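Visitor: I would like to learn how to read ring packing and confidence in a model. Where do we start?

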Amino acid sequence: MASLTSEFLNFIVFRYLSESGFTHAAFTFGYEAGINRSAIDGHLVPPGALVQFVQKGIQYLELESNLGNDDTDMNEDFKLLEPLDLITKDVDELRKIIKEKKEKVQKGKVNADHKREPTRNSEMEKQQKDRERSDVMVLEGHTSEVFACAWSPEGSLLASGSGDATARIWTIGDGPCNSTIPNVLVLNHLESQATEENKDVTSLDWNREGTLLATGSYDGQARIWKRSGELVSTLDKHKGPIISLKWNEKGDYLLSGSIDTTAVVWNVKSGESKQQFDFHSGPLLDVSWRNNDSFATSSADNMIYVCKVGENKPVKKFSGHQDEINAIKWDPSGSLLASCSDDTTVKLWSMKQNVCLHDFREHSKEVHTVKWSPAGAGTSDRNQQLLLASASFDCTVKLWDVELGRLLQSLSGHRESVYSIAFSPNGEYMASGSLDKCMNIWSIKEAKIVRTYNGDGAIFEVCWNKQGSKVAACFANKKVCVFDMRL
């Protein structure tokens, strides 16, 4: 069928892998197929597109046999259909579309598509309402999905990273969201137009002072930028896309983890590699500093290694997960390490023992990320209870009592996979972002949703500013939204 291009087929296969929880298979397929360069508007493709396409194969055979009954050219008929029509419409609806479009051709109205106009109008109306909401600021400028966002430590600068080969630094005022127009700096990752492939900005992180921003890219390079937008250095040693990038507390080292199976510690002052760690047999999926010179790495090889700068072997290794380990995070004191995996479990590890301290098995699907509450030892709220949160493809966020090793709450409010979670700075609230296009704000004490925002694209990351007054979310629809929690 002329309407079904290889680009569209690649896209729905990529979407199927993502929706089915095969996150890293989707990442690899998307990288090889060049999904990041696709012109297809992903948030218009319905969930389950590939399955629907396969299920309707027999119906299309019926359609082909009937379309030719009036001596028409079937290929010409199919050219009148869009790829999304073939997935979302049944046979009778497809016949009707073809008939209507033929009539429009005959009347010289080929470009008129009254079926789609209401949808476009409603989308425009929704966007206008978003702009008019006093508690929402919509940041537009990216030309592809926005994968990452992070507030600077002092709270007025918001960084975003996108598949359009740019990061952006937005200056957000202290007033209501729509009171000022934010200034924006564009950090271009293209040295020239001839090298525009595989420059997606996959990760970013501010140093503790908020003076430097680090970005990681599909091209395997890490870059360090001043808050003014000036490029300080380009760090080039990885042989594959960078997946995770973190500053240490002191700010003298930057840690990167890559699909090339290695982690690199960079000397920020010299811009050179301090040490490369090559212990894993599969792509690195996350890194997390324990203190200023030791850190943990997790991989698709189901292993976790604890490493130290200057040591040529891991100082500790943890095994127990049965599938890819998607995320790891040390608690504020650096004594406990949390991990989550495609094996549906969340595990807690201690440097004092080789087996996991707790093994949480209450999730029913892959667990994508984990976050610690800002409480307990190592924080300003030492007397508050330390909690661990996990987000899963089973559409839930779960809160864990790490001292007793038990489930405290299961937060059910999303309809699709939850990709990102973030505790508010005071630990009283949590933001969650999902493929269902919704961001929810939860009261930790009451275990219920207190605020919600419905967007028009999947949400890849959410984050709070230092004051806890604003929450940012980055979307697959090329936008970044900032929500004022004071209104």
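Visitor: Which residues do ring pairs link into a cluster?

Guide: Keep in mind that this is a predicted model. The cluster linked by ring pairs consists of Tyr253, Phe277, Phe279, Trp289, Phe295 and Tyr305. The structure holds twelve aromatic pairs.

Visitor: Take phenylalanine 277 and phenylalanine 279. Why is the pair edge-to-face?

Guide: Look at the angle between the planes; over 60 degrees counts as edge-to-face. Here the planes of phenylalanine 277 and phenylalanine 279 stand at 70°, with ring centres 6.1 Å apart, so the pair is edge-to-face.

Visitor: Is phenylalanine 277 buried or exposed?

Guide: The cut-off for buried is under 20% relative accessible area. Phenylalanine 277 has 4%, so it is buried. Phenylalanine 279 has 24% relative accessibility and therefore counts as partly exposed.

Visitor: What is the geometry of the pair formed by phenylalanine 279 and tyrosine 305?

Guide: Their ring centres lie 6.0 Å apart. Their planes are at 65°, so this pair is edge-to-face.

Visitor: Which parts of the chain does that pair tie together?

Guide: Place each residue in its element. Phenylalanine 279 sits in the loop between strand S13 (272-277) and strand S14 (284-289). Tyrosine 305 belongs to strand S16 (residues 303-308). The pair therefore ties together parts 26 residues apart in sequence. Tyrosine 305 is buried, at 12% relative accessibility.

Visitor: Where does the charged end of arginine 290 sit?

Guide: Over the ring of tryptophan 330, 5.4 Å from the ring centre.

Visitor: Now the whole chain. How many helices and strands are there?

Guide: The chain has eight helices and 32 strands. Of its 487 residues, 53% count as buried. The chain exposes about 21,900 Å², and carbon and sulfur atoms supply 48% of that area.

Visitor: What share of the contacts join residues at least 24 apart?

Guide: Count contacts between residues at least 6 apart in sequence. Of these, 47% join residues at least 24 apart.

Visitor: What does the chain average in pLDDT?

Guide: The average is 84, and 75% of the residues score at least 70. Then check the stretches below 50. Residues 67-71 form one of them, with seven contacts in the model beyond near neighbours in sequence. Over residues 109-120 the pLDDT is also below 50, and that stretch has twelve such contacts.

Terms used:
Residues numbered from 1 in each chain as written. Predicted model: local features only at pLDDT ≥ 70, side-chain atom pairs only at ≥ 80, totals over all residues. Heavy atoms only, no water. pLDDT = per-residue confidence, 0-100. Contact = heavy atoms within 4.5 Å. Helix = DSSP H or I, 4+ residues; strand = E, 2+ residues; numbered from the N terminus. Buried < 20%, exposed > 50% of the residue type's maximum accessible area, 1.4 Å probe, protein only. Areas by Shrake-Rupley, 256 points an atom, 1.4 Å probe, with all protein chains shown as cover. Phe/Tyr/Trp six-rings, centres within 6.5 Å; stacked < 30°, edge-to-face > 60°. Lys NZ or Arg CZ within 6 Å of the ring centre and 35° of its normal.
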